[in-house]
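Please look at the sequence and structure first.

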Amino acid sequence: TNLRNTSAIHKQAIKYLDAPPTILDYAVEGRPVYYIQVEGKEDKAKDQVGIIQKLLHQLITEYKVSRKNISLLSCHRIENNALSQFIDTGKKIVGQRLTNSISDSTAITCTSAQRYRGLENQVVILYDFREHDFVEINYNGATRACVLLVMIIDREVIQSQKEFLDG
C-alpha cells in the first residue's frame, strides 16, 4: 500500500499493474490528475515549454507553491527534452532557474523520471511522453507526486493510451 500519494494520483499510477493493490478507504482523495494535451504538430517541444511556463506561473504566483515543492520530470534524458535550453544554463523560465540537481532548493528540479526514482515532491509535472515509454513513465513518474500530478501529453499518446487516461 502506498500512503504518500493522494488516491487520485495512486489510481492513475496503478492502472497498468496486473493486480492493482487495494486503495485504503481513508486515503485522501486529493485533486484530480490533470491531463493537458499538446496540440502542436510542428514544434511540440515549443508547445510544451509554453504550457509549462503557464503552469509554473500559475503555481508560483497564484497558488504560492514554493519552487522547491515543484518537480518537472521528463520522459527523456535532460539533453534530449523540451526544457534542455533552460536546465543549468542560467536561462530562466518565468523568472525561475531549472536544475538537474535534486538537492538544490533555490531552483525548480527538472530531470528525467528515471533519475528521480525513489524521490517525491508535492507537485510533479510529467512531460515529453512518447507512446513506447508511456507505461513505465506513467507509473514511475506519477508515483513521485504527493499532492498534485499534471501530465502534458501529445495527442497521439492520448489516443493510444485512452483506456488508461479515462476516469
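Which residue forms a salt bridge with Asp104? The partner is Arg97, and the closest N and O atoms of the pair are 3.0 Å apart. A salt bridge here is a side-chain nitrogen of Lys or Arg within 4 Å of a carboxyl oxygen of Asp or Glu.

This is a predicted model, in which local features need pLDDT of at least 70, side-chain atom pairs count only at pLDDT 80 or more, and totals for chains, interfaces and linings use all residues. Residues are numbered from 1 along each chain as its sequence is written, and side-chain values use heavy atoms, with hydrogens and water left out.

**Salt bridges**

- The structure holds three salt bridges.
- Side chains of opposite charge can pair when their charged atoms come close.
- Arg97, which pairs with Asp104, is partly exposed at 30% relative accessibility. The classes are buried (under 20% relative accessible area), exposed (over 50%) and partly exposed (in between), computed with a 1.4 Å probe on protein chains only.
- Asp154 and Lys44 meet through their side chains in another salt bridge, at 3.7 Å from N to O. Because Asp154 lies in strand β6 and Lys44 in helix α2, this pair ties together parts that are 110 residues apart in sequence. Helices (H or I, at least four residues) and strands (E, at least two) are DSSP runs, numbered from the N terminus.
- Asp154 is buried, with a relative accessible area of 12%, whereas Lys44 is partly exposed at 23%.
- Arg77 and Glu79 form a salt bridge of 2.6 Å, N to O, between their side chains. Arg77 is exposed at 56% relative accessibility, and Glu79 is partly exposed with a relative accessible area of 45%.

**Strand β4 and its partners**

- Strand β4 covers residues 108-112, and five of its five residues are buried.
- Strand β2 (residues 70-74) pairs with β4 in the parallel sense over four bridges. Two strands count as paired if DSSP finds at least two bridges between them.
- Ser74 stands opposite Ser112 of β4.
- Strand β3 (residues 98-99) runs parallel to β4 and is joined to it by two bridges. The bridge partner of Leu98 in β4 is Ile108.

**Thr111**

- The Thr111 side chain makes a polar contact with the side chain of Asn100 at 2.7 Å. A polar contact is a pair of N or O atoms within 3.5 Å; within protein, one must be able to donate a hydrogen and the other to accept it, and residues adjacent in sequence count only if both atoms are side-chain atoms.
- Leaving aside neighbours within four places in sequence, Thr111 is in contact (heavy atoms within 4.5 Å) with Leu72, Leu73, Ser74, Ile78, Asn100 and Tyr116.

**Nonpolar cores**

- The largest nonpolar core has 25 residues, of which Ile70, Leu72, Leu83, Leu98, Ile125 and Ile152 touch the most other members.
- The elements giving two or more residues to this core are α2 (44-62), β2, β4, β5 (121-127) and β6 (145-154). Helix α2 gives the largest share, seven residues.
- Another core, of 18 residues, lies apart from it and includes Ile9, Val124, Phe129 and Ile137.
- A nonpolar core is a set of buried Ala, Val, Leu, Ile, Met, Phe, Trp, Tyr and Cys residues joined through side-chain atoms within 4.5 Å.
- Beyond neighbours within four places in sequence, Ile70 is in contact with residues including Leu56, Val65, Ile108, Val123 and Ile125.

**Cysteines**

- How many disulfides does the structure hold? The number is zero, where a disulfide is a pair of cysteine sulfur atoms within 2.5 Å.
- Cys110 is buried at 0% relative accessible area, and Cys146 is buried at 9%.

**Positive phi angles**

- Lys64 is not a glycine, yet has a positive phi of about 60 degrees. Lys64 is in the loop between α2 and β2 and is exposed at 65% relative accessibility.
- Asp88, also not a glycine, has a positive phi of about 55 degrees. Asp88 lies in the loop between β2 and β3 and is partly exposed, with a relative accessible area of 47%.
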